[in-house]
Protein chains: 2
Amino acid sequence: MQTLIELGKQAKEVSLQLALLDTTTKNHLLEQMANDLEAQTDAILVANQKDLDRAPEFGISETMLDRLRLTKERVFEMAQGVRQVASLPDPIGEVDKMWKNQDGLMIGQQRVPLGVIGIIYESRPNVTTDAATLCFKTGNAVILRGGKEASHSNQKLVAILQNTLAANGYSPHAIQLITDPSYEVANEFMRLNEYLDVLIPRGGAGLIQRVKTSATVPVIETGTGNNHVYIDAEADLQMALDITFNAKVQRPSVCNAVETLVVHERIAPNFLPAIEKLLTEQKIALRGDEQALKYLTTATLATQEDWETEYLDLILAIKVVSSIEEAIQHINHYNTSHSDAIVTNNYFHSQKFLNEVDSAAVYVNASTRFTDGFVFGFGAEIGISTQKLHARGPMGLNELTSTKYIVYGNGQVRK
Amino acid sequence: MQTLIELGKQAKEVSLQLALLDTTTKNHLLEQMANDLEAQTDAILVANQKDLDRAPEFGISETMLDRLRLTKERVFEMAQGVRQVASLPDPIGEVDKMWKNQDGLMIGQQRVPLGVIGIIYESRPNVTTDAATLCFKTGNAVILRGGKEASHSNQKLVAILQNTLAANGYSPHAIQLITDPSYEVANEFMRLNEYLDVLIPRGGAGLIQRVKTSATVPVIETGTGNNHVYIDAEADLQMALDITFNAKVQRPSVCNAVETLVVHERIAPNFLPAIEKLLTEQKIALRGDEQALKYLTTATLATQEDWETEYLDLILAIKVVSSIEEAIQHINHYNTSHSDAIVTNNYFHSQKFLNEVDSAAVYVNASTRFTDGFVFGFGAEIGISTQKLHARGPMGLNELTSTKYIVYGNGQVRK
């Protein structure tokens, strides 16, 4: 087993070469990877079966088991995902702006890879091919650290991608996997500043929190979404019902689903009984504040904890407010700065909400479920950043890049 | 004395209001701050004298003492600096791009403040007004933590800025100073994730290193510059002398000065004796590798440590190489990714150097001394980032901002 330092050195070394690969070469290799993944479907499923057989040891839930499971169709989707990455425009080399300064220097800001990216993630094996190929497309070396429950699947997938590289005469160190499942190694990984340029955790709130507090490598926080929909006094009732229903019910387990509904007291008497009917038919449990309980028959009393919780489940907290100011204050206090929406017919309230709510994505009259790199039109998504540094909101290829200044002189010295 | 948590809460709270201030208001307040600083020159000098009197206790060097010292002229320059910040365009609110997605949503990426910025810095009191006003202009709340040797000066300066805010009916919490000089408080500050959006250390390599390894708040690394000038075989001799001389001599104590000269073996016999003559006249000590020593009379043998050191002093290391590839390899191995330059007449070598050297600013035929926010035309500089995340190279106002997606819908739900 290789040490982390070795993996880091290899990644750093290859990253300088990856930065220079032209787009045609990268796309050709990505197409090859997709073909090789498909061609080796059976071997992938054998490896995945080993993980599934071992799953009870780790006591993982039925939902987690479903995320872990690969099928012929899922492997095909993986390969298609890689082809999709190949088809995207390559941001590397773009000069976003160039100007001549007072000294006659031509100064350009050019898009370059970040260098070496670390990804820490949990059970889904499709993150392996997703993350690896997005990093490769943007000229970055990647070091992956997946969950132990998916280790056979991940090792097989990475071996295939590495073989594609080696078979075409490129270093397999562009895509590396940490195979030691220990916490010690994970902690060392998070402090590998000499070799890692950035660390992106993908997974539940527990994982994100652990990385955030342990890492000295720069981290991009992703994912946690304690999201709100605010139904303004002047909302269209049907639209309010549609958006709330969609944001809660369409896919409750994802980070852009709504967790707390904030309702203006003037619309609450009409809106709350109607939304309760729709949601309880879908087995959504309601937790309301005292005001909300006046109009709800199935809800229990919400506690402080409810306002703070990202349920990712069939539960919705409901708070009644007497003004848009109170709504915004509640949202800015409890949200995780992911996605929040207002439903309103009032122009000034729509502007106020957009300006004052401090989130990665703020919506007027649309479901929070749209926060997604594909839906936003980026053609890819490595995660949804909930921090303000470097990237905020859905991260596509551009967010996996940095820049450097290239400066053309003709002998200038500083006076 | 207020606790850090209190400072953090106050900053967070006021940051939401600062984000909404219009440009005219911010500029008016900045002009007022400049006037108030000038008007209180005497009081500032009295406070500064207390720091100067106490300086021997801290055993600080003559150079540091000069950085600490304020004069009537320097206070005027401070005020002028604040007026300059007022005159810059305000990036907040800009929508860099807006598009309609497949669902008919109008999605715009709008520039917003980062929120709460922490600055940790050393002896120069002018950083206090500089950093505070750059953060204010970009709608950020700031918490400053200056060096204990400048504490009286910093407290006076912050009090003046806070009074300007309060006198105009705005919260003084927009600009706060940590007055407890202990390391414990500094360490707590670096882990104040709940309230701080980013931490920017400004100072020597020791400070930067300490922040980098202790902070859990996202950090923007600034400053350390182990920079190189490479003299290619086909360089113009006079240009090579001019650029090397300027990069080393014009201001040796700053982060964009050159520390190691890399010279192609074919030009070394002509170039090295000539540059030695110029540099020794300026009392620059030379440290050469074995090859270099053949052409130098005053140099001592360079050690491994010399390649790794940012001298910030009258010393230059010199390495002779046999190819541009060897030069680039040495540079990428030892540089701190700040500023590196090539002097060459060869087109292909210029392109190769620009593409392959991994630094924030890469120069062809110009001095490394140009890496500077003012010289680049940003009108300001909060520091020079040597990391790849968020900002790289000189940081102006834009680098003190984040973005959020504002999304206009008309009832869309996700299918």
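How much area do chain B and chain A bury between them? In this predicted model, chain B and chain A bury about 5,800 Å². Carbon and sulfur atoms carry 55% of it.

**View 1. Residues at the interface of chain B and chain A.** Each chain gives 71 residues to the contact. On the side of chain B, B:Leu389, B:Tyr405 and B:Arg414 supply 15% of the area buried against chain A, more than any other three residues.

**View 2. Polar links between chain B and chain A.** The interface holds 41 residue pairs in polar contact. Two salt bridges cross it. B:Arg414 forms a salt bridge with A:Asp372, with the closest N and O atoms 3.6 Å apart. By class, the side of chain B that touches chain A has 34 nonpolar, 23 polar and 14 charged residues.

**View 3. Strand E13 of chain A beside E16(B).** The two strands run parallel, joined by five bridges. Within E16(B), B:Tyr405 is the bridge partner of A:Ala361.

**View 4. Domain 1 and domain 2 of chain A.** Domain 1 covers 4–221 + 387–408, and domain 2 covers 227–370. Their C-alpha centres lie 35 Å apart. The contact takes five residues from domain 1 and six residues from domain 2. About 370 Å² is buried between the domains, 35% of it on carbon and sulfur atoms. On the domain 1 side, A:Arg67, A:Lys388 and A:Arg392 lose the most area, together 69% of what that side buries.

**View 5. Salt bridges between the domains of chain A.** The domain interface has two salt bridges. A:Asp358 forms a salt bridge with A:Arg392, the closest N and O atoms being 3.0 Å apart. The side of domain 1 that touches domain 2 has no nonpolar, one polar and four charged residues.

Terms used
Residues numbered from 1 in each chain as written. Chains lettered and ligands numbered in written order. Predicted model: local features only at pLDDT ≥ 70, side-chain atom pairs only at ≥ 80, totals over all residues. Heavy atoms only, no water. Domains from an automatic or database assignment. Contact = heavy atoms within 4.5 Å. Buried area = accessible area lost by both parts, 1.4 Å probe. Salt bridge = Lys/Arg side-chain N within 4 Å of Asp/Glu carboxyl O. Nonpolar A, V, L, I, M, F, W, Y, C, P; charged D, E, K, R; others polar. Polar contact = N/O pair within 3.5 Å; in protein donor to acceptor, adjacent residues only side chain to side chain. Pairing = 2+ DSSP bridges. Helix = DSSP H or I, 4+ residues; strand = E, 2+ residues; numbered from the N terminus.
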